[in-house]
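Please walk me through the aromatic rings of this model and the charges placed over them. Plain paragraphs will do.

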Amino acid sequence: MVVLREALAAAQAYRGAAQAALTARLAKQPIDREQRAAHGFAWVATTVAALEAVLEWCESGQNSNPLDAKIAVLAFAEGIGQFVGGLPMGQNEIFRPADLGLGSDARALAGACAGLLDADHATMRADVAAALADGNWPSETLRDADLDSIRNQFRRFTDAEIVPHAHRWHLANDLIPDGTVQAMADLGTFGVCIPEEYGGLGLSKLVMCIVTEELSRGWIGAGSLGTRSEIAGELIATGGTHAQKAQWLPRIASGEILPTAVFTEPDVGSDLGSLQTRARQDASGEWAIEGAKNWITHAARSDLMTLLARTLPDAKGYAGLSMLLVPKPRGTETDPFPADGMSGSEIGVLGYRGMREYALQFDGMTAPADALLGGEEGQGFKQLMRTFEGARIQTAARSVGVARRALELGLDYAAARKQFGKAIVHFPRVADKLAMGLVDFVVARELSYAAARAKDGGKRCDIEAGMAKLLAARAAWSIADASLQIHGGNGYALEYEISRVLCDARILNIFEGAAEIQAQVIARGLIEGRN
């Protein structure tokens, strides 16, 4: 590990040079004029953070699994190779050292890591792929018996209750069955982080990551069902009145209440300060809601909306926004929106099914007088911001689960499919896809866990959460794409599960903060010295 420690120090120095170069540029230009440079720096910093997490994971295993060291070496060789040659921010956006004037720094990095970069890793990749084909995976223990037990419990549940049915549910655009939702509730899925005094398990964000990862491995819809409860639970637990906590948290934790997040509008995605939906109190104190919302997940079957609306029309931007807890009757297949003053239409989507997406219209729908979260107007955006860290960490975990399922499908197909007299897993280009997919999976997983631990430590971690979400979403998409390629033409057929996983993976770079937003948050935060 000495070589990797030295390589990490060189990578950290390169990150420092990138930060200094960006700081100098931003002294002359606003960050929006320097997005390529700023976001490239964010990707550099994210990659260094991932290498730090991987090295810590590898060293903690104390050579108990021979695969771990090979995964770490390949991760470092690839990461540093991208620093020197070009770091992919998107399919056709490669951040080059010259984009920040880092040519000499990149050459110095290459010189410091020459042994790592000049080595031929073909044999190591082949060994990793062969180990996978033999059923051997790198270490996943969290070195805590309780945490490992939770993982095993949810993995068994997912293998029994989600994996055998998910593709059929997806193809039929079915909702996750009520019986499955209840079984998830019985396991404590919806109350993982809700305090014990309000009926939850009171566990950590790291546990949330494990649960979400395992459920999402079966189907992203299953892992995402918990996200609705996580967002609502954290909103109420951190911003609600004592009465609101007592009213809603126990019922969310038990699964009796299925919440949905109602934030986005037709012409407003990331720019929440421009929201137009309004809520006004009448003489009785009730709130009347007017406006339109878009891309609302699980809107019909939900029982409670956490709805962001403008209640102070004279206050500009975020200052006029308030969060309302709006109860609604649960919809059915024949009558999805039975509440007066509320209507909706389903948005057809490629993937991320199981809860369905909706466009909503509010025409005077009423909410009770005590619906205002925390009992204070104008705090909605601040209240929502407190949930962003947890939601983005959870989305990173969803990405990790999707990535693992894609890798499993590619591996199974490559082992079973025979061409030219042998299983295609033995062809180097196929083996390389599996080996490097495994590397990307482990890197994403360990960075996600690092972000969860930072959150559990009580520190501000919007940067760490953004990094985890940014990297894990890219990993899920690249692994799913590679797995479909392994399937060849069959991967393009709807009957094969990988076709669904590819569609599910694509959304991960968009929701809960698009990749470009994450990069902006990371770059700005690091330049400002946050966290």
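Tyr 413 counts as buried because its relative accessibility is 12%; buried means under 20% relative accessible area, exposed over 50%, and partly exposed in between, with a 1.4 Å probe and protein chains only. This is a predicted model, in which local features need pLDDT of at least 70 and side-chain atom pairs count only at pLDDT 80 or more, while totals for chains, interfaces and linings use all residues. Residues are numbered from 1 along each chain as its sequence is written, and side-chain values use heavy atoms, with hydrogens and water left out.

Rings of Phe, Tyr and Trp (its six-membered ring) pair if their centres lie within 6.5 Å; planes under 30 degrees apart count as stacked, over 60 as edge-to-face and the rest as tilted. The count by this rule is 8 aromatic pairs. One of them is stacked: Tyr 318 and Phe 381, with 3.8 Å centre to centre and 10° between the planes. Tyr 318 sits in the loop between strand S6 (304-310) and strand S7 (321-327), and Phe 381 in helix H12 (residues 380-416), 63 residues apart. Helices (H or I, at least four residues) and strands (E, at least two) are DSSP runs, numbered from the N terminus. Tyr 318 is partly exposed, because its relative accessibility is 38%, whereas Phe 381 is buried at 15%.

Tyr 413 and Tyr 496 form an edge-to-face pair, 6.3 Å centre to centre with 80° between the planes. Tyr 413 lies in helix H12 and Tyr 496 in the loop between helix H14 (462-487) and helix H15 (497-507), so the pair ties together parts 83 residues apart in sequence. Tyr 496 is partly exposed at 26% relative accessibility.

A charge sits over a ring if NZ of Lys or CZ of Arg is within 6 Å of the ring centre and within 35 degrees of the ring normal. Arg 392 lies over the face of Phe 388, 4.8 Å from the ring centre.
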